[in-house]
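Below are some notes for a colleague who is meeting this structure for the first time.

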Amino acid sequence: MSDIVFEITDLKKHYEINMGLFKKPKVVKALDNISFEVKRGEVLSIVGESGCGKSTTAKLMLKIEEPTGGEILFEGRDITTIEGDDLKEYRKKVQIIFQDPYSSLNPRWKVGQIIGEPLALNTSMSKKEIRDRVLYLMEKVGMEPDWYDRYPHQFSGGQRQRIGIARALALNPEIIVCDEPVSALDVSIQAQVLNLLLDLQEEFSLTYVFISHDLSVVEHISDRIVVMYFGEIAEQGTVEEIFDNPQHEYTQKLIGAIPVIDI
Amino acid sequence: MNIIEVKNLKTYFYSDAGVNKAVDDVSFSIPEGKTVCIVGESGSGKSISAMSIMGLIDKPGIIEGGEILLEGKDLLKLSDSGMRSVRGGEVSMIFQEPMTSLNPSYTVGYQIDESLKLHQKHLNKKERFEKVVEALELVGIPDPREKYREYPFKLSGGQRQRVMIAVAMACEPRLLIADEPTTALDVTIQAQVLELMKKLQRDKGTSMLFITHDLAVVYQIADEVVVMYRGHIVEKASAKELFADPRHPYTKALLNSIPTPGKTVRKSRLDTVDDSVDYLSFPKEIR
Ligand SMILES: Nc1ncnc2c1ncn2[C@@H]1O[C@H](COP(=O)(O)OP(=O)(O)OP(=O)(O)O)[C@@H](O)[C@H]1O
Ligand SMILES: Nc1ncnc2c1ncn2[C@@H]1O[C@H](COP(=O)(O)OP(=O)(O)OP(=O)(O)O)[C@@H](O)[C@H]1O
Ligand SMILES: [Mg+2]
Ligand SMILES: [Mg+2]
């Protein structure tokens, strides 16, 4: 297996904004010519200002949306052209944890069903096996077994986020794209989830693409970092390069703005 | 003078499995122009405390007891319509999850405009438009005139959160409740938004109830900090006291689990709150 999982070249995503009748639509360049690689087994973080294109990058990598231009190679193959069984396989290998936990969970389903859905769809596991695996995953992310029969709205924000994490882990993926996975969590649960992600990474040599605005978390968990700025890449490098010796003005500003408790 | 006084609030959820005492005998108050932060573990009752003040507790949840006094007036005794006019008027709230409280079928501008229509009746249509654009600009939304016409799903997570903030601040409330308002924001924009809230506070004497898990933010903005654990307040202190001298074991464990740049070893496992400890068995530290 190659060392490089994702090779992204000159990726573009443009949206047209309708300005009303008889006016020309305006083009928003959510992503403009970004290129980076993701290596197997690493934590690659994407940071940058709100609206700079982080979630858009994630959506394109997951094939939730199609790019306007450029290329995403996964293990050497262009994902825009994969279909059929290959696409199914791709969807198993690459999972996402969404930024907004509530809107990504079906409110009419019970938690057990939400976490088990990928298993029911993609494996031949029996009901009992699915239930056991769901309970195992729930325990891993710090959920009580009796939450199995509850609905998403009955949970606090942080509890809901863990539903999404358990679901993403269900199929033993190779790559997880985490879009602000811990931003809704209190610091202790956040620590639990980060520890869990690091443990799973070691255990299953998982690869993470980690999107976060919490730079203390990013510094803690990443191997390499991509800093985005208005749809482009400002700079990329190892965690040491970015935090200990930031080159781009925006990166310097970002690191300078980390709030600290200095008592 | 206290803008809001919460006294012995109890909000419970009933189900076949029994009762979940989400908020159990919680009391705190916020003086005019001051900020109280609630911190605490996930599920400890922070949002439900806020929702109780907003009068947004639905079955199977019930407010079992207590008083919520807004400038002396008990909100728990108001009729539904009385409460509706308090909401978004004297009290407004930025919700934890923007997509659940922004209406997906209306444009961003329309939703802020609605709030202005209700609570700033002296403005005409054109003035309101300018005010909405200004509100979007203040929270750092690029191209506010264009974003006015956008639907929420076309905005990034952080942009949606800032629209919520703009909606809540537009009506210049007496009490602004902010539930994790900056979780989706990068640090530079977060700083800008916090500064904006403080400005509103300075100009109008707004009181703030601020719920966040980000202790560095608490350190920056709180006058007083309330630490919640399983429906109870376990520690209450001024921000200075709390960070310099945390007394309750739960607070200490919480402060220990943040990764601190320069101190925590990268990729090391972080300390977590020990689930096997019953933190309620320790005496409460109310200063
Ligand atoms: N509609 C509901 N039905 C039943 N239980 C509920 C409901 N809403 C909340 N709860 C429960 O009430 C408790 C307190 O929830 P709350 O949302 O206040 O937590 P929180 O402190 O805001 O947590 P977080 O930091 O994760 O947002 C939790 O145990 C939660 O499961
Ligand atoms: N469907 C869409 N139509 C039009 N514009 C869009 C659409 N989706 C996203 N955008 C725009 O693309 C830009 C990038 O959005 P994206 O969600 O990738 O940002 P982000 O970096 O994830 O920000 P955040 O940190 O706030 O979540 C934003 O300006 C957003 O308004
Ligand atoms: Mg995003
Ligand atoms: Mg909450």
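1. Around ligand 1 there are 19 residues, of which A:S156, A:G158, B:S42, B:G43 and B:S47 come nearest, a residue being near if one of its heavy atoms lies within 4 Å. This is a predicted model, in which local features need pLDDT of at least 70, side-chain atom pairs count only at pLDDT 80 or more, and totals for chains, interfaces and linings use all residues. Residues are numbered from 1 along each chain as its sequence is written, chains are lettered from A and ligands numbered from 1 in the order in which they are written, and side-chain values use heavy atoms, with hydrogens and water left out.

2. Ligand 1 lies between chains A and B, and its shell draws at least two residues from each of α5 (157-169) of chain A, β2 (18-31) of chain B and α1 (46-53) of chain B, where helices (H or I, at least four residues) and strands (E, at least two) are DSSP runs numbered from the N terminus.

3. An oxygen atom of ligand 1 is 2.7 Å from a backbone N or O atom of B:G43, while an oxygen atom of the ligand is 3.2 Å from a polar backbone atom of B:S44. The protein buries 91% of the 640 Å² that ligand 1 exposes when taken alone (Shrake-Rupley method, 1.4 Å probe).

4. Chain B is divided into domain 1 (2-90 + 173-286) and domain 2 (97-172), with bounds from an automatic or database domain assignment. Between these domains of chain B, 20 residues of domain 1 are in contact with 13 residues of domain 2, contact meaning heavy atoms within 4.5 Å.

Terms used
Polar contact = N/O pair within 3.5 Å; in protein donor to acceptor, adjacent residues only side chain to side chain.
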